[in-house]
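Dear colleague,

I am passing on the structure that we spoke about, together with notes on what turned up in it. Please look through the model first and then read on.

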Amino acid sequence: MNTTLRRLKAGFTLTELMAVVIIVGILAAVASGSFKKAIERSHFSEGLVAANTVLGAVERYYAESCNEGSCVNRPTMAQLDVSLANQRACTPASNYCAKTKYFEITIQNGYVDAVRMKGSKTGDYTIRVYPETFGSNQRTGDECIANTTPSGKDLCISMGYANCNSSNHCYK
């Protein structure tokens with residue numbers, strides 16, 4: 001009986017504590033990877049919304065400011081009635097570009113690009129949105145362009161852009 005009481009007061013053994021620490025470490029590593037993917041997916045959605053916001057402003061610009069065939073040049077950001085969260089100027093300065101916290105949104109001829117930025121460097125992917133009403137291309141909708149890293153392509157695929165070609169352009 002004394003041995004049982006002494007055992008209860010002794011606490012956990014070092015082996016038991018190490019097993020718990022190892023299990024908690026494994027769970028934290030798995031949760032950390034899932035958490036990072038969830039964060040990047042939310043950033044992707046933010047970039048898609050920003051690109052579509054600018055695209056909508058470009059389409060409104062063409063609808064309101066142009067007669068049939070009179071607008072051949074793309075509008076500048078200053079000509080658009082659009083404001084993005086955390087918007088600031090691009091570096092180097094460009095009339096066709098605006099930056100958000102995670103993306104560089106650029107008005108191209110016929111589409112809008114949202115390039116994922118990590119600091120001052122290009123990130124893993126670019127979101128490209130095509131309009132229905134302007135530009136000479138025949139594409140509409142959006143695509144995910146994976147930059148040279150495998151994680152960019154993995155993210156594009158996880159966001160539903162499963163049809164990827166050899167140049168890493170992925171479509172829904």
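This is a predicted model: local features need pLDDT of at least 70, side-chain atom pairs count only at pLDDT 80 or more; totals for chains, interfaces and linings use all residues.

Residues are numbered from 1 along each chain as its sequence is written, and side-chain values use heavy atoms, with hydrogens and water left out.

Helices (H or I, at least four residues) and strands (E, at least two) are DSSP runs numbered from the N terminus, and two strands pair if DSSP finds at least two bridges between them. On one side, E4 pairs with strand E3 (residues 112-118) in the antiparallel sense over six bridges, and Val129 of E4 is the bridge partner of Val112. The hairpin formed by E3 and E4 has two residues between the strands, and Gly119 in the turn has a positive phi of about 70 degrees. E4 is also joined by six bridges to strand E5 (residues 141-146), again running antiparallel, with Tyr130 opposite Gly141 in E5.

**His43**

His43, which lies in helix H2 (residues 14-65), is buried, with a relative accessible area of 10%. Its side chain makes a polar contact of 3.5 Å with that of Tyr102, where such a contact is a pair of N or O atoms within 3.5 Å, and within protein one must be able to donate a hydrogen and the other to accept it, residues adjacent in sequence counting only if both atoms are side-chain atoms. Leaving aside residues up to four places away in sequence, His43 touches Tyr102, Phe103, Arg116 and Tyr125, contact meaning heavy atoms within 4.5 Å.

**The chain as a whole**

The protein chain has three helices and seven strands, which run α-α-β-β-β-β-β-α-β-β from the N terminus on. Of its 172 residues, 35% count as buried, and among contacts between residues at least 6 apart in sequence, 37% join residues at least 24 apart.

Methods. Buried means under 20% relative accessible area, exposed over 50%, partly exposed in between (1.4 Å probe, protein chains only).
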